[in-house]
Amino acid sequence: MSVKETVNDFIQGVKAGKYEVVASQVSNFSGQPEFTFTVNVNSAHELLECLKKELNDLKEKRDRLDKFMKESALFSDLSFEEQYAMQRQHEGMTDYMAALYKRIELIKERMK
């Protein structure tokens, strides 16, 4: 594997949650920058549990926001801009939850 492929694989692993960067260091040796990373390698099971927790936490927050928007008289007292911002926040949270559901589904498939 080339250096470029190795770096790309590492970056994708960090983005996917396969690796957790716990420390990094940059030094300059012979005029060339050197990067050192210390990582934890997350197992699929650990990652799955983290994603489930993240999803549950997000769902609770979105449900509280949803309840406030539907049931609180205070919501109707807000300006149109504030109401719109909260609606966009709710939509963003819903989209984020969909992405987490998909990631959980993919990890479960991979673990079979």
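This is a predicted model: local features need pLDDT of at least 70, side-chain atom pairs count only at pLDDT 80 or more; totals for chains, interfaces and linings use all residues.
View 1. Helix H1 covers residues 3-16, and because its 14 residues at 1.5 Å each should span 20 Å, the 20 Å between its end C-alpha atoms agrees. The expected span here is 1.5 Å times one less than the number of residues. Helices (H or I, at least four residues) and strands (E, at least two) are DSSP runs, numbered from the N terminus. Residues are numbered from 1 along each chain as its sequence is written, and side-chain values use heavy atoms, with hydrogens and water left out.

View 2. Val-14, Val-21, Val-26, Phe-35 and Phe-37 make a nonpolar surface patch of about 450 Å². Patch members have over 30% relative accessible area and no salt bridge; like charges are joined within 9 Å, and nonpolar side chains (Val, Leu, Ile, Met, Phe, Trp, Tyr) within 5 Å. A salt bridge would be a side-chain nitrogen of Lys or Arg within 4 Å of a carboxyl oxygen of Asp or Glu. Accessible areas come from the Shrake-Rupley method with a 1.4 Å probe, and for residues only the protein chains shown count as cover. Strands E1 (19-29) and E2 (32-41) each supply at least two residues of the patch. Val-26 sits in E1 and counts as exposed because its relative accessibility is 57%; buried means under 20%, exposed over 50%, and partly exposed in between.

**View 3. Two aromatic pairs.** Rings of Phe, Tyr and Trp (its six-membered ring) pair if their centres lie within 6.5 Å; planes under 30 degrees apart are stacked, over 60 edge-to-face, and the rest tilted. The count by this rule is two aromatic pairs. Phe-68 is partly exposed at 25% relative accessible area, whereas Phe-75 is buried at 9%. Phe-80 and Tyr-84 are stacked, with centres 6.4 Å apart and 20° between the planes. Both lie in helix H4 (residues 80-111), four residues apart, or about one turn of the helix. Phe-80 is exposed at 62%, and Tyr-84 is partly exposed at 45%.

Terms used: Buried means under 20% relative accessible area, exposed over 50%, partly exposed in between (1.4 Å probe, protein chains only).
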